[in-house]
Amino acid sequence: MKARWHNSISIMMAAGLTIAAVQASAQTAETKLTRKEALVIAESTEEAELMYTMYDGRLENCIEKEVVKPCESDWVTCIENAWVVQFTVGEICGIEQDGRLGLTILIDALTGRVLSKFPEADYFRGKRYCMDDSDCICGRPTDQGSQCYNFISAQVEGVSDFQCRACRCVQNECTVGTR
């Protein structure tokens, strides 16, 4: 009798664990974001809104969007259960660029939480905002001398001089300086 009771409990526990695993799997499937949902979340970020409205909104119709798994992206580390949403300014806009004119957002596919964004909103808000020297690009020389802009503004405004190395980041502002 004791052996029978023990076997019954083992069978019930195994069945309970199986049911729990199936329910957890179903719940994960229900909470996992689709590509489209990830795009909607990314488009609602301040950075995406600023990107769409920069240059007086003239780039809005040529911003290309792509949603991929992190392992399919060159921009982020390969992790599970996430989406990488990339916004790039397409060739149709006719903007000369160095490949950094865009926005990359990493979204947790289970919670919908934004895990990271690059570049941050400050780059879109301020033409000269920077965090380090590599963020700065020289503008083409004018009567006022050389001007420095961040990598977003310089390319969008079409003032990039990619050969110039006179710009540096000083107190989060791109300025002309000596190295």
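Mentor: A residue is called buried when its relative accessible area is under 20%, exposed when it is over 50%, and partly exposed in between (1.4 Å probe, protein chains only). The structure is a predicted model, in which local features need pLDDT of at least 70 and side-chain atom pairs count only at pLDDT 80 or more, while totals for chains, interfaces and linings use all residues. Residues are numbered from 1 along each chain as its sequence is written, and side-chain values use heavy atoms, with hydrogens and water left out.

Trainee: To which residue does a disulfide join Cys-62?

Mentor: The disulfide of Cys-62 and Cys-93 has an S to S distance of 1.4 Å. Cys-62 lies in the loop between α3 (46–53) and β1 (63–68), and its partner, 31 residues apart, in the loop between β2 (82–89) and β3 (102–108). Helices (H or I, at least four residues) and strands (E, at least two) are DSSP runs, numbered from the N terminus. The residue joined to Cys-62 is Cys-93.

Trainee: Is the disulfide of Cys-130 and Cys-169 right-handed or left-handed?

Mentor: The sulfur atoms of Cys-130 and Cys-169 are 2.1 Å apart. Cys-130 lies in the loop between α4 (121–125) and β5 (136–139) and Cys-169 in strand β8 (residues 167–170), so the pair ties together parts that are 39 residues apart in sequence. Both cysteines are buried. The torsion about the S-S bond is about 95°, so the disulfide is right-handed.

Trainee: In which strand does Cys-174 lie?

Mentor: Cys-174 forms a disulfide with Cys-136, with 2.2 Å between their sulfur atoms. This link has -85° about the S-S bond and is left-handed. The two residues are 38 apart and link distant parts of the chain, with Cys-136 in strand β5 and Cys-174 in strand β9.

Trainee: How many salt bridges does the count come to?

Mentor: Side chains of opposite charge can pair when their charged atoms come close. A salt bridge requires a side-chain nitrogen of Lys or Arg within 4 Å of a carboxyl oxygen of Asp or Glu. By this rule, the number of salt bridges comes to six.

Trainee: Which residue meets Glu-46 in a salt bridge?

Mentor: The side chains of Glu-46 and Arg-125 meet at 2.6 Å, N to O. Glu-46 lies in helix α3 and Arg-125 in helix α4, so the pair ties together parts that are 79 residues apart in sequence. Glu-46 has a relative accessible area of 41% and is partly exposed. The residue that meets Glu-46 is Arg-125.

Trainee: Which residue is linked with Glu-46 and Arg-125 in a network of salt bridges?

Mentor: Arg-125 also forms a salt bridge with Asp-122, the closest N and O atoms being 2.3 Å apart. Because Asp-122 and Arg-125 are three residues apart in helix α4, about one helical turn separates them. The residue that joins Glu-46 and Arg-125 in the network is Asp-122.

Notes. A disulfide is a pair of cysteine sulfur atoms within 2.5 Å.
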